[in-house]
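Dear colleague,

I am passing on a structure that you have not worked with before. Please look it over first, and then read the notes below it.

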Amino acid sequence: MTDQELIKALRRLMVQTGSLACLGCGYEHSCGVHGCAIIRKVADRLEELEKQKK
């Protein structure tokens, strides 16, 4: 799996909030309609790293 494929997969996953894994993570107040805050942050960070490699 390439970095770009991983970023796309994470972005697809972030909208699947509300599962048991989401309960009590401490960041759930930042999810809202934008999806999982943790997955969003990881995808953003990977995208930044990918840009720095170029």
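Predicted model: local features only at pLDDT ≥ 70, side-chain atom pairs only at ≥ 80, totals over all residues.

The chain holds two helices and zero strands, and of its 54 residues 20% count as buried. Its accessible surface comes to about 4,300 Å², with 58% of that belonging to carbon and sulfur atoms.

The helices are α1, which covers residues 3-13, and α2, which covers residues 37-53, and their axes come within 9 Å and cross at roughly 160°. Because angles over 145 degrees count as roughly antiparallel, α1 is described as roughly antiparallel to α2. The crossing of these helices is left-handed. On the α1 side, the contact is made by Asp3, Gln4, Leu6, Ile7, Leu10, Arg11 and Leu13, while the residues that α2 brings to it include Ile39, Val42, Ala43, Leu46 and Glu50. Sorted by class, the contact of α1 with α2 has eight nonpolar residues, one polar residue and seven charged residues.

Is Glu50 buried or exposed? Its relative accessible area is 13%, and since buried means under 20%, Glu50 counts as buried. Once its neighbours within four places in sequence are left aside, Glu50 is in contact with Asp3 and Gln4.

Methods: Residues numbered from 1 in each chain as written. Heavy atoms only, no water. Helix = DSSP H or I, 4+ residues; strand = E, 2+ residues; numbered from the N terminus. Buried < 20%, exposed > 50% of the residue type's maximum accessible area, 1.4 Å probe, protein only. Areas by Shrake-Rupley, 256 points an atom, 1.4 Å probe, with all protein chains shown as cover. Axes fitted to C-alpha atoms, helices over the stretch in contact; angles between N-to-C directions. Parallel < 35°, antiparallel > 145°, perpendicular 65-115°, else oblique. Left-handed = near helix turned anticlockwise from the far one by under 90°. Contact = heavy atoms within 4.5 Å. Nonpolar A, V, L, I, M, F, W, Y, C, P; charged D, E, K, R; others polar.
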